[in-house]
Amino acid sequence: MNEMLATAPARPSAGLGPRHAAGDGPILRVSNLEVTYYTDSGRAKALDDVSFTLNSGEKLGMVGESGSGKSTLALAMMRMIKAPGRIEGGSVVVGGGDLMALDAEDMRKARLSRIAYIPQGAMNSLNPVMRIGAQMIDAVKSHLPREGRAAIEARCKRALQSVDLDAGVFRMYAHELSGGMKQRVCIAIGILLDPHVIIADEPTSALDVVTQRQVMETIDNVQKAINAAVILIGHDMGLMAQFVDKVAVMYAGRLVEVSTVREMFTDPKHPYSRALISSLPSLGNKGVFQGIPGLAPSLLRLPSGCAFHPRCESAMPHCSTIRPQQQVLPGGRRVTCHLYDGEA
Amino acid sequence: MADLLRLENVSKVYSHGIINAHSTIALRNFSLTLKEDEPTILTVAGESGSGKTTLAMLLLGFITASAGQIIYRGKNIASLHGAEKMAYRREVQAVFQDPFAVFNPFYPVDHLLTVPIKRFGLAKSKADARNKMEEALTAVGLRPEDILGRFPHQLSGGQRQRINVARALLLKPRLLIADEPVSMVDASLRATILETLRNLQRDHGVSIIYITHDLTTAYHIAKSIIVLYRGSVMEAGDVDRVITDPQHPYTQLLVDSIPWPNLDQRWGAQPIKAREAGGSNDGCRFRSRCPMAMEICKEDPPLFRIDERHAASCFLHEKRPEIAKAALSELLPV
């Protein structure tokens with residue numbers, strides 16, 4: 001472990017050019033991540049033993065209902081969980097170094113330069129009384145204090161260009177931009193320092209379909225340009241089908257399935273993924289509404305055994321008593337369900 | 001056959017500034033008729049700024065039209081008073097986008113249901129009121145014992161949105177304006193709410209104007225669709241025909257951008273032209289972004305009839321027969 005820390009790659013120095021990850025292994029390795037919120041009404045385990053890996057240039061979709069822990073996962077990876085929440089254990093290894101082992105100052109430096117977060121609702125994440133340019137310069141300066149003013153400005157303008165925004169946006173205020181443009185400014189800030197991993201938390205949930213397509217195409221282009229790994233958080237399976245390579249399904253704080261997008265849409269393994277896929281509207285099945293019966297459980301009172309068993313079509317007697325473990329099926333798919341016991 | 005609702009050349013202009021007055025035409029010469037005894041679900045679709053919410057506000061009487069009139073059951077809604085106005089307020093109900101903002105966090109959710117019961121004198125006694133509330137909640141697929149007495153923060157977004165539908169149902173409306181009712185609800189709960197809305201139309205005879213930017217849900221719930229862009233009708237007709245075979249370049253762009261959950265049906269490759277900030281106020285509103293724009297597009301395009309259930313306002317179809325904008329409703333199936 002210490003060796004890995006020592007070989008953590010230096011921050012890329014310049015520009016938005018293509019960059020190759022250090023080594024061959026996955027650029028991101030999340031292992032056994034656990035987060036608990038200590039609330040007045042009890043302990044809520046918002047992330048329970050979450051593990052997955054991601055390669056450079058790969059796009060992972062993280063889907064689940066509200067309250068399933070998607071956003072908590074993003075915040076935990078950024079180490080931005082606030083009280084009453086606490087990261088209880090696990091590691092987030094980005095390009096060789098474990099983020100959980102860093103001290104506060106090193107973690108601050110790692111944010112944006114190694115792992116960047118594009119927040120939900122770009123409308124509210126820009127400062128209304130600062131020009132866009134000043135906000136971008138702030139972000140670079142705090143990471144590269146010795147870089148000259150001209151170099152920083154050039155870097156910011158390159159970032160704006162790479163998200164198809166006019167260089168004039170640099171001098172503008174947030175209120176002068178449309179929703180889609182603000183979201184693209186947030187993406188530009190996210191890629192300023194060529195991070196290894198970009199986490200986009202529902203980047204298009206407030207936008208209409210045309211703007212949504214523009215924003216997603218923008219993320220796709222910059223992701224290719226800097227060869228970063230992208231985690232797209234959302235609940236829109238349609239968007240996932242159009243954008244990601246792999247899909248991870250979360251339920252009540254656990255990853256219940258990780259598959260390639262094609263496997264997920266053609267042969268979902270976990271009963272919850274199956275229900276998600278069959279509740280999707282498509283051109284073929286007009287007028288058929290099939291929701292998932294029941295409600296997402298409260299994290300304070302999780303059902304025993306597998307948390308999904310009260311809503312599960314294929315529940316077996318031992319599902320209510322024995323908690324399933326994540327298994328790697330032949331072919332690399334990960335499923336957390338008793339149906340596949342013995343297949344791994 | 002009586003008309004439930006008739007919009008005659010309704011326009012809404014927002015102006016600001018005193019010396020250099022700017023005006024934005026949010027809705028331009030919009031005509032629509034809904035029949036009283038043929039409850040239907042009509043989708044009004046468009047991106048932000050298309051005028052769809054302005055239309056909802058006009059129909060609910062929150063703002064007044066700059067030109068044209070809105071006739072509800074034979075009466076202009078601008079001139080309604082007293083008992084007539086109360087009847088209109090009761091019969092035209094709304095479900096809004098944000099299921100979180102409409103609840104007062106200090107009251108149990110019952111409050112949302114008891115206030116209209118009191119206001120409109122719907123119940124003779126407390127027991128009667130309770131029955132009515134339970135009936136409405138059951139009709140939208142909720143268990144009253146799970147809901148009544150709880151506070152908004154104890155319920156999920158989907159449950160809250162269904163309480164909103166239940167509140168509307170309680171008042172036995174004739175028309176329901178649903179402004180983006182599912183855009184803030186989890187995808188897995190959308191199906192349930194849409195089904196609730198459809199049952200409302202089918203079993204309770206309520207006409208629904210479903211306002212959305214999401215053509216996927218529009219396709220699944222509605223019978224007919226009107227596509228708006230910057231206040232003008234671009235295309236209208238049977239929802240199947242408009243979505244599977246769009247004729248207006250704008251609708252084509254919209255349909256092309258739907259993220260279908262299907263790996264073999266990819267997003268279109270057509271590049272998207274950015275929207276101009278101001279845009280011109282005459283001619284075809286879409287022409288600055290239109291890949292097919294022609295010289296003639298500087299004039300206002302009339303509606304051209306594609307077939308008996310489909311019309312598009314675009315000069316690409318100028319060989320087809322022209323129809324009056326006021327006759328738009330005749331195209332819409334119920």
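The model is a predicted one.

User: Why are β6 and β11 of chain A said to stand at the edges?

Analyst: The open sheet has eight strands in the order β6-β7-β8-β3-β9-β10-β12-β11 (chain A), with mixed pairing. β6 (115–118) and β11 (327–328) each have a single partner strand, so one side of each is left without a neighbour in the sheet.

User: What makes strand β10 of chain B mostly covered?

Analyst: A residue is buried if 20 or more other C-beta atoms lie within 10 Å of its own. Six of the seven residues of β10 (residues 232–238) of chain B are buried, so the strand is described as mostly covered.

User: How do you know that β10(B) pairs with β9 of chain B and with β12 of chain B?

Analyst: The requirement is again at least two bridges. Six bridges join β9 (residues 224–229) to β10(B), and three join β10(B) to β12 (residues 310–312), so both pairings qualify. Both run antiparallel. B:I225 stands opposite B:G237, while B:A236 stands opposite B:A311.

Key. Residues numbered from 1 in each chain as written. Chains lettered and ligands numbered in written order. Predicted model: local features only at pLDDT ≥ 70, side-chain atom pairs only at ≥ 80, totals over all residues. Helix = DSSP H or I, 4+ residues; strand = E, 2+ residues; numbered from the N terminus. Buried ≥ 20, exposed ≤ 12 C-beta atoms within 10 Å, placed from the backbone.
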